[in-house]
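Visitor: I would like to learn how to read a structure model, feature by feature. Please show me the general idea each time, then the case at hand.

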Amino acid sequence: MNGKQLKNSILQWAIQGKLVPQDPNDEPASVLLEKIRQEKERLIKEKKIKRDKNASIIYRGEDNSYYEKLLATGEVKCIDEEIPFDVPQGWEWCRMGSIGDWGAGATPAKSNPDYYGGSILWLRTGELNNGIVYDSEIKVTKKALQECSLRMNRIGDVLIAMYGATIGKVAIVGKELTTNQACCACTPFGIYNYFLFFFLMGSQIDFIKKGEGGAQPNISREKLVSHLMPIPPLTEQYRIVEKIQYLLPLVEKYSDSRILQDKLNSEIKDKLRKSILQEAIQGKLVPQIAEEGSAQELLEQIKAEKQKLVKEGKLKKSALASSVIYRGDDNKYYEQVNKKCLDITEQIPFEIPENWVWVRMGQIGDWGAGSTPQRGNANYYNGKILWLKTGELNNGIVYDTEEKVTQKAFLDCSLRMNKIGDVLIAMYGATIGKLAIVGKELTTNQACCGCTPYLIYNWYLFYFLMASRDSFIKKGEGGAQPNISRVKLVEHLIPLPPLKEQYRIVAQIEKLFEQLR
């Protein structure tokens, strides 16, 4: 149960007589209602209010059914079907019009400057705050009050919104004010205004249902005054309100805690995945095993593999250019490129185990982006070659694409064919850093970069890229569209473990991720 549901339950218990115990010594509500009728008669005689033609008395007959007697005509009808629930002994049912003077406001003509900029508060329903209202954004003049049928609401009156999105929203008047026509106000007779306030708050769903059916939801004054209301003894009304006011702050605290808990629950798996990946790429997820050799030995094997590919004409000679990153005697990190040594200590984001090495991503794979064949050329599309857009990257294995291109497009448009097992990463826009592993040979658009790894485990590279997504997003900031580019990718630092450890790391990641599903 969330905070809103708990609040609604408390209000329902309150208006059904279940929130506080009844006291048999309390003066019954029937006596209270008779006093209210007498008070209304006095006000009618003094011409302070008008007689309600639909005034009635609701009572329970000897057959245990509810009846309503219209005072104007003496007509009696059974209203069992209207009564939503039974009330405790000492309570009574009545129409809301019986317990107060209800009236809506109006909107002075906007075109008349004499009506606005005065000192009289003029409230719109959007300013109802489910509490006490002391001010309004717009003020009107005495001239507007006199000429525009505005109702002046007194301190303690209860307000309720009748139209639109705010329907059923309530407030108590904290300073004399008038309202627009979408707001109805009640000056209660003899009942506790806060009991009426909380009753209206607890009945919001009923009012919304009553307002349905038109172009704009509208409960109207007529619907309000005819709405049934359970009336407890006056002393019990005070006990109910006191209990509600004690409980609602606790409900607010509960609601805040529940929101935080729900937020944590919705984020916890993602946070745990990120933590697992960070532990993995820092060498903390699995133990190091000396017998598995070192990453330096793996780098030598990669170098030999690249030389072989160059000899076979499968790789450009420029791919042999590489840097060497090492730790000096002064405990700083240095990078040797073309006989130049640079201090790169500030670029190293964290420490790694002794048998690991830092390298540039360009050293561990062949990286290349795709392109988009000219859209106007019908000879380029509807072929058989998979052509992937970054929106199709699924952070898993991709086996198909929405669009296919032709062999002519592949030959004419500098498209790169990515092999099964290659790792793909999005370089632009909202999908930046999104990944996939190639499950079937394909080519891509220019927003996607593919990598054919040299001897390293492609899934280790995949999970490293996943762990580094925030870094790529930061690197891509600053332009009209975020862009990490192939150049930024190949220069990015990657911590490299021995090959066997890469496999153990990936196995542990997948085991832990499986438990988080």
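Visitor: Is isoleucine 268 buried, exposed or partly exposed, and what decides that?

Guide: Buried means under 20% relative accessible area, exposed means over 50%, and partly exposed lies in between, with a 1.4 Å probe and protein chains only. Isoleucine 268 has a relative accessible area of 32%, so it is partly exposed. Isoleucine 268 sits in helix H7, residues 234-281. Helices (H or I, at least four residues) and strands (E, at least two) are DSSP runs, numbered from the N terminus.

Visitor: What should I know about the model before going on?

Guide: This is a predicted model: local features need pLDDT of at least 70, side-chain atom pairs count only at pLDDT 80 or more, and totals for chains, interfaces and linings use all residues. Residues are numbered from 1 along each chain as its sequence is written, and side-chain values use heavy atoms, with hydrogens and water left out.

Visitor: Which nonpolar surface patch includes Ile268?

Guide: Patches are made of residues with over 30% relative accessible area and no salt bridge; like charges are joined within 9 Å, and nonpolar side chains (Val, Leu, Ile, Met, Phe, Trp, Tyr) within 5 Å. Here Leu264, Ile268 and Leu272 make up such a nonpolar patch. Together they have about 230 Å² of accessible area, computed by the Shrake-Rupley method with a 1.4 Å probe, where only the protein chains shown count as cover for residues.

Visitor: Which residues form a negative patch?

Guide: Asp and Glu count as negative, Lys and Arg as positive; His and the chain ends are not counted. The place of a charge is NZ of Lys, CZ of Arg, CG of Asp or CD of Glu. Glu62, Asp63, Asp80 and Glu81 form the negative surface patch. Glutamate 81 lies in the loop between strand E3 (76-78) and strand E4 (92-95). Its relative accessible area is 84%, so glutamate 81 is exposed.

Visitor: How many salt bridges are there?

Guide: Side chains of opposite charge can pair when their charged atoms come close. A salt bridge is a side-chain nitrogen of Lys or Arg within 4 Å of a carboxyl oxygen of Asp or Glu. The structure holds 34 of these salt bridges.

Visitor: Which residue pairs with arginine 95?

Guide: Glutamate 82 does, with the closest N and O atoms 3.0 Å apart. Arginine 95 is in strand E4 and glutamate 82 in the loop between E3 and E4, so the pair ties together parts that are 13 residues apart in sequence. Arginine 95 is buried, at 11% relative accessible area. Glutamate 82 is partly exposed, at 38%.

Visitor: Which parts of the chain does the pair of arginine 151 and aspartate 101 link?

Guide: In this salt bridge the closest N and O atoms are 3.5 Å apart. The pair links distant parts of the chain: arginine 151 is in the loop between helix H3 (142-147) and E9, aspartate 101 is in strand E5, and they are 50 residues apart. Arginine 151 counts as buried at 16% relative accessibility. Aspartate 101 counts as partly exposed at 25%.

Visitor: What is the strand order in the open sheet of five strands?

Guide: Strands of a sheet pair through backbone hydrogen bonds, either parallel or antiparallel. Two strands pair if DSSP finds at least two bridges between them. The order is E5-E12-E9-E10-E7, with mixed pairing. Strand E5 (100-104) and strand E7 (132-133) are the edges, each pairing on one side only. Strands E9 (158-161) and E12 (183-188) run antiparallel, joined by four bridges. Valine 158 stands opposite cysteine 186 in E12.

Visitor: How many residues lie between the strands in the hairpin of E14 and E15?

Guide: Five residues lie between them, and asparagine 331 takes a positive phi near 70°. Strands E14 (324-327) and E15 (333-337) run antiparallel over four bridges. Arginine 327 stands opposite tyrosine 333 in E15.
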